[in-house]
Amino acid sequence: MGKFVVSARKYRPNRFVDVVGQEHVSQTLKNALQNDHLAHAFLFCGPRGVGKTTCARILAKVLNCTNLTEEKEPCNECESCTSFNKNNSFNIVELDAASNNSVEHIRALNEQVRFQPQQGEYKVFIIDEVHMLSQAAFNAFLKTLEEPPAHAIFILATTEKHKIIPTILSRCQIFDFKRIQIKRIVDHLQNICSQEGIQAEEDALHIIAQKADGALRDALSIFDRIVSYSGDSIKYADVISNLNVLDHDYFFKFVDAMLVEDMSQVLLLFNEVLDKGFEGDIFINGLSEHIRDLLVCKDKESLALLECSDNLRTRYMNQANTASSSFLLSALQLSTSADVEYKQARNKRLLVEVMLMKISNLSSLLEASITGQVLVSEKKNSNAVELSPVEEVKPVDKVNSVEKKAEETVSKVQPAEIEQPSTPEEDSPKPKKKNVKLSIGNLSSLETLDKEVEQVKEKKFRSVEEISLEDVSKYWGIYTEKVESDIIKQSLKGAVLSLYNNFLNIKVASNLQRADIEKEKDLMIFIRESLNVKDLQLKIEVEAKAQDNKPVIKKNLTVKERYLQMREVNPKLTALQKRFSLMPDE
């Protein structure tokens, strides 16, 4: 039994032309070799499994090949290429920065840079996962990377360019590798199947390519696993069973049942999906992708975005023709909302079932919104405005502006009479929802309705010049009698009223009375509504009294000051003081 070599190693490209999906990189490197404009440091960055290390090794082999082709490809026959293919070349040094990321490893690398290559012209240093180097290792590598010897070429590879310090980036020529398209992966797998004598269905290879997510190495690993499972014949059923992928047929069945509003069939299909061991979030994501693909098929220009086999593309186009864009957009909105709420939901199954039931009811809601969506019609014998009932789920299409105007009018225009229309005709395919008919006066058109609404909104008010002080005093007294507090009532009665410009001037005797009146917030509202004015403002002033009427406030006098005042009134106190030698306290 021979040693098995995985496909990722067995079919690893040896030439630039064999690299899949990175033509922009390989062509640039070949042009640099052709024009002798090759840099001394390169940085290859991009997702995993897209050919960064492969291109680095091919470039290293090309630099020392002694018999290059006209297309600047290695010959794979000279001594340098042969030793490289056998991993015996001393001119190529590969360093895994994930495990050799300290300063000592970089110092050892710098020592190797000084030595000339034993054979060939260049000594190539390939550092994989360079973003794993420590800060000190990066700093130790800076000088060598900026000014290496003429025989040294550095090729750095990383999946996380943002982790590399800017001083390293500025010293390298950067090449961005991209994810490989599904079609390119499928073509490469078909080429391998033809070389290995394996029969594979196109749909099965598409599932492998989609599962790889743009990484060719992952696709080859999945391919080896499927071959070990199914042998020389790869079938679609074997692939979805081995990879635990939900079959496309389920999503086609779901959409077909939703379009005819077969809610029971939809719930039974979901129960079957759960019995197969699939989680609800996987189902939601699959359904969202399926609806997205149906929307893509609605337009011939966007059909190129659909990455699937020709047979599956035909099924998508047929089903897309049976579903409206409004239905698909509304369904996609519901599915994406359920995907966001799935992690926080306690009853996850119920959340998915509610989403499915809403989508199943979309057809009738959309039909009702189109046929009975706030239609304002003018009738010969009866002037009426028909309003559709408010829907719980609105379609994605724009809401008719007439609906908003009619909803604002229902509560404002009087009188209103609600009537129920007759039942729909028997020959209609589906029962229609009853519309609410609002009969409003003798209105003959929507323009007349708008005029009536404007008259209700625009109420005319009197100016302050049109009212008199007697009118204000009258309603002031009416409000005063309604006040329950006796203290506030006395303050209102003691106020002196006067009109000046747009102000109702109030004069009170004290600040306490002013505070009592200011507490009555409804006072001016009552007066404005009673007089039908809106510009009347309240101004309260405290009336100043004469100073003569104010009591004289005496300060506390000392003993000596009181004695002096008493002596002025009765001079005999002086003789008494001298006779008895009395002295008043300070």
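I began with an open sheet of three strands, which has the order β11-β12-β13 and mixed pairing; two strands pair if DSSP finds at least two bridges between them. β11 (496-500) and β13 (537-542) stand at the edges, and each has a single partner strand, so one side of each is left without a neighbour in the sheet. From one strand to the next the twist averages 25°. For the names I noted that helices (H or I, at least four residues) and strands (E, at least two) are DSSP runs, numbered from the N terminus.

Before going on I wrote down that this is a predicted model, in which local features need pLDDT of at least 70 and side-chain atom pairs count only at pLDDT 80 or more, while totals for chains, interfaces and linings use all residues. Residues are numbered from 1 along each chain as its sequence is written, and side-chain values use heavy atoms, with hydrogens and water left out.

**The three-stranded sheet, continued**

I looked up how β11 meets strand β12 (residues 503-508), and found that the two pair in the antiparallel sense over five bridges, with Y500 standing opposite F503 in β12. Helix α21 (residues 469-482) lies across β11 and β12 and runs at about 140° to β11; axes are lines fitted to C-alpha atoms, for helices over the stretch in contact, and angles run from 0 to 180 degrees between N-to-C directions. Helix α23 (residues 511-519) also packs on the sheet, where it touches β12 and β13, and its direction makes about 165° with that of β13; contact means heavy atoms within 4.5 Å.

**The five-stranded sheet**

I then turned to an open sheet of five strands, with the order β2-β3-β4-β1-β5 and parallel pairing. Its edge strands are β2 (92-96) and β5 (173-176), each of which pairs on one side only. Neighbouring strands of this sheet are turned by 15° against each other on average, direction ignored. Strand β1 (residues 41-45) and strand β4 (residues 152-158) run parallel and are joined by five bridges, and I found F42 opposite I155 in β4. Helix α5 (residues 103-113) packs on the sheet and touches β2, β3 and β4, with a direction at about 165° to that of β3. α6 packs on the sheet as well, touching β1, β3 and β4, and its direction makes about 135° with that of β4.

**A pair of helices**

How do the axes of helix α9 and helix α10 cross? Helix α9 (residues 202-212) and helix α10 (residues 216-230) have axes that come within 8 Å and cross at roughly 135°. That makes α9 oblique to α10, because angles under 35 degrees count as roughly parallel, over 145 as roughly antiparallel, 65 to 115 as roughly perpendicular and the rest as oblique. On the α9 side the contact is made by I208, K211 and A212, and on the α10 side by D218, A219, I222, F223 and I226.

Most residues other than glycine have a negative phi. D213 is found in the loop between α9 and α10, and at 47% relative accessibility it counts as partly exposed; buried means under 20% relative accessible area, exposed over 50%, and partly exposed in between (1.4 Å probe, protein chains only). E129 has a positive phi of about 55° although it is not a glycine. Its place is in the loop between β3 (123-128) and α6 (135-146), and with 23% relative accessibility E129 is partly exposed.

**Two buried residues**

Is Y342 buried or exposed? Y342 lies in the loop between α16 and α17 (348-360), and at 9% relative accessibility it counts as buried. Leaving aside its neighbours within four places in sequence, I found Y342 in contact with E279, G280, D281, I284, K348, L351 and V352. The C-alpha atoms of Y342 and V352 are separated by 8.1 Å, and the two residues are 10 apart along the chain.

S330 lies in helix α16 (residues 325-341) and is buried, with a relative accessible area of 4%.

**The whole chain**

Last, I looked up totals: the secondary structure of the protein chain comes to 26 helices and 13 strands, and of its 586 residues 39% count as buried.
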